[in-house]
Amino acid sequence: MELPVVNANGDAIDTISIDDGIFDVPMNQTLVHQAMVIYQLNQRQGTHSTRTRAEVSGGGRKPWIQKHTGRARQGSIRSPQWRHGGIVFGPKPRDYRKALPRAMRRKALQCVLSEKIRNGRLVCIDSLDSLDGRTKSMKQLLESLRIIGSVLVVSGEAQQNVARAGGNLKQVWTLPSDLVNANDVLKRETVLITVDGIRRIAELCTKPRFRARQAAEAAASEEAQE
């Protein structure tokens with residue numbers, strides 16, 4: 001697949017050849033949904049907490065005697081049925097994090113990037129050297145490329161000028177290619193990525209999954225031959 005490459009003025013200057021097995025993957029909604037749920041769970045802090053009847057202050061004595069009052073028996077004014085009493089089965093601090101297998105993580109990213117390319121919402125630019133760290137430079141770049149709405153700007157490596165240029169814009173998010181995931185791509189309308197960034201993503205998606213195991217198997221085969 002050939003993807004056009006534009007410059008900072010929005011003019012097509014070249015094309016880049018990308019692997020169909022990475023950037024032309026059919027959409028797997030079940031996989032993407034599962035990945036999105038896990039990404040959002042991992043963003044939860046889990047610091048919510050309520051007090052049980054053992055943690056609420058007061059209630060040291062019995063409100064009234066057990067019998068002969070005509071009222072229901074009570075043991076503490078901090079029981080759950082009382083005002084300002086404890087909470088039954090309320091939330092407590094917990095960890096919501098879940099692990100997403102690397103193969104699923106990569107496949108979900110390939111699905112959403114492929115969908116962006118099919119919908120014409122992925123713009124490949126030669127470089128982001130025109131960004132000098134000022135917000136004005138980012139605005140001018142997006143206007144030249146006719147990008148409207150939320151945009152994810154992906155660079156090959158972490159660049160301070162790119163992050164500073166988009167830091168004050170509410171609808172602009174910047175990330176290096178190593179940190180891009182399906183959640184970030186799917187939440188933004190347009191993806192602006194450099195040539196180095198798209199090559200880096202392709203390289204990460206084609207890395208062997210079990211490098212340690214492969215190295216061990218290779219070492220074992222060498223020992224067997226000796």
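1. At what relative accessibility does Arg 200 lie, and how does it count? Arg 200 has 24% relative accessibility and counts as partly exposed, a term for values between buried (under 20% relative accessible area) and exposed (over 50%), with a 1.4 Å probe and protein chains only.

2. The model is predicted: local features need pLDDT of at least 70, side-chain atom pairs count only at pLDDT 80 or more, and totals for chains, interfaces and linings use all residues. Residues are numbered from 1 along each chain as its sequence is written, and side-chain values use heavy atoms, with hydrogens and water left out.

3. The structure holds 7 salt bridges (a side-chain nitrogen of Lys or Arg within 4 Å of a carboxyl oxygen of Asp or Glu). One of them joins Asp 178 and Arg 200 at 2.8 Å, N to O. This pair links distant parts of the chain, 22 residues apart: Asp 178 is in the loop between strand 5 (172-176) and helix 6 (182-187), Arg 200 in helix 7. Helices (H or I, at least four residues) and strands (E, at least two) are DSSP runs, numbered from the N terminus.

4. Arg 200 also forms a salt bridge with Glu 203, with the closest N and O atoms 3.5 Å apart. Asp 178 is partly exposed at 45% relative accessibility, and Glu 203 is partly exposed at 42%.

5. In helix 3, Arg 118 and Glu 115 lie 3 residues apart, about one turn of the helix. Their side chains meet in a salt bridge of 2.9 Å, N to O. Asp 24, Glu 115 and Arg 118 are linked in a network of salt bridges.
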